[in-house]
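Trainee: Could we go through this model together, beginning with how its terms are defined?

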Amino acid sequence: MSSATAIDAGAAAITTKKVNVNGSVGKKRGGVNVGKVIRYVLLIFFLAMVLMPVYVLLITSFKGAGDADPSRTWYLPAEWNTDNWARAWDQLQGGLLRSLMLVIPSSIISAMLGSANGFVLSRWRFPGANVVFTLILFGMFIPYQAVMIPMMRMVVASQIGFGIHTLILMHIIYGIPITTLIFRNYYESVPRDLIEAARIDGAGMLRTYFNVVLPISIPSFVVVLIWQFTSAWNDFLFALFFGGGSQRGPVTLSLNELAHGSIMADYGGSMAGALIASVPTLLVYIALGKYFVGGMMAGSVKG
């Protein structure tokens with residue numbers, strides 16, 4: 001009798017537990033996930049904050065001279081026209097070409113130098129390698145403004161002149177610290193057994209680098225090329241000092257002349273020019289952006 005009672009009590013408890021579980025699950029499914037809602041609200045808010053300047057740039061670029069007024073910043077154009085775009089393109093096309101002539105060699109050369117430095121400092125070490133690495137990194141923390149006068153005197157004394165070739169040299173030199181850091185961190189994650197196997201097979205430093213290490217360095221090269229391309233393309237300070245003027249310098253100088261070259265502020269032309277000048281970097285990020293995070297993470301964990 002007591003055994004039957006215990007069995008009935010256990011069955012009742014199990015039934016009650018099932019009811020509670022089903023009830024709680026139903027409540028969870030039917031209720032609102034507050035955390036998820038807050039997360040989406042914050043994402044939409046920050047997205048709107050990022051897109052608001054783009055919206056102002058876009059609509060102002062289609063406004064006429066009388067319509068492009070600060071008091072009508074958020075209003076759509078009274079009459080849509082493309083005169084601003086045609087005028088901006090005429091003034092910027094030379095600068096766009098010169099900027100391409102600047103960013104392509106400066107990005108590739110600084111990436112190759114940073115890759116070689118990173119390999120030597122991480123996997124083919126020599127006495128004093130840490131000191132050399134620290135001195136290279138020290139260049140990252142010197143503000144550009146602090147060295148403009150010494151660099152200007154050096155350029156004048158060397159008589160290399162001003163223009164794109166000087167800017168290429170500047171961006172290569174100032175790109176070496178960050179490229180060395182990125183590649184060194186990446187090569188630290190390369191298994192030492194791989195390098196030792198190449199040494200056992202009789203490969204020297206250069207052969208190990210070109211035949212073993214360089215082929216697996218694509219993720220870091222993508223990161224460095226995107227970084228250097230964007231930095232050189234958007235640079236204005238070096239271009240202002242060493243570009244040789246808007247007729248010889250990159251697109252940032254042409255854009256500055258477009259914005260301040262007339263008596264009245266040309267809001268429409270400036271906005272159209274800013275959008276045109278941003279297209280190359282946007283295309284680079286669209287084409288290679290999915291590799292950027294992966295390349296950054298590739299060297300974050302040592303293997």
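Mentor: Buried means under 20% relative accessible area, exposed over 50%, and partly exposed in between, with a 1.4 Å probe and protein chains only. This is a predicted model, in which local features need pLDDT of at least 70 and side-chain atom pairs count only at pLDDT 80 or more, while totals for chains, interfaces and linings use all residues. Residues are numbered from 1 along each chain as its sequence is written, and side-chain values use heavy atoms, leaving out hydrogens and water.

Trainee: Is His-171 buried or exposed?

Mentor: His-171 sits in helix H6, where helices are DSSP runs of H or I with at least four residues, numbered from the N terminus. Leaving aside neighbours within four places in sequence, His-171 is in contact (heavy atoms within 4.5 Å) with residues including Leu-102, Gln-228, Asp-235 and Phe-238. Because its relative accessibility is 8%, His-171 counts as buried.

Trainee: Which word describes how H4 lies to H6?

Mentor: Helix H4 (residues 129–138) and helix H6 (residues 164–188) pack with their axes 8 Å apart and at an angle of about 135°, the axes being lines fitted to C-alpha atoms over the stretch in contact, with angles from 0 to 180 degrees between N-to-C directions. Angles under 35 degrees count as roughly parallel, over 145 as roughly antiparallel, 65 to 115 as roughly perpendicular and the rest as oblique. Therefore H4 is, relative to H6, oblique.

Key: Helix = DSSP H or I, 4+ residues; strand = E, 2+ residues; numbered from the N terminus.
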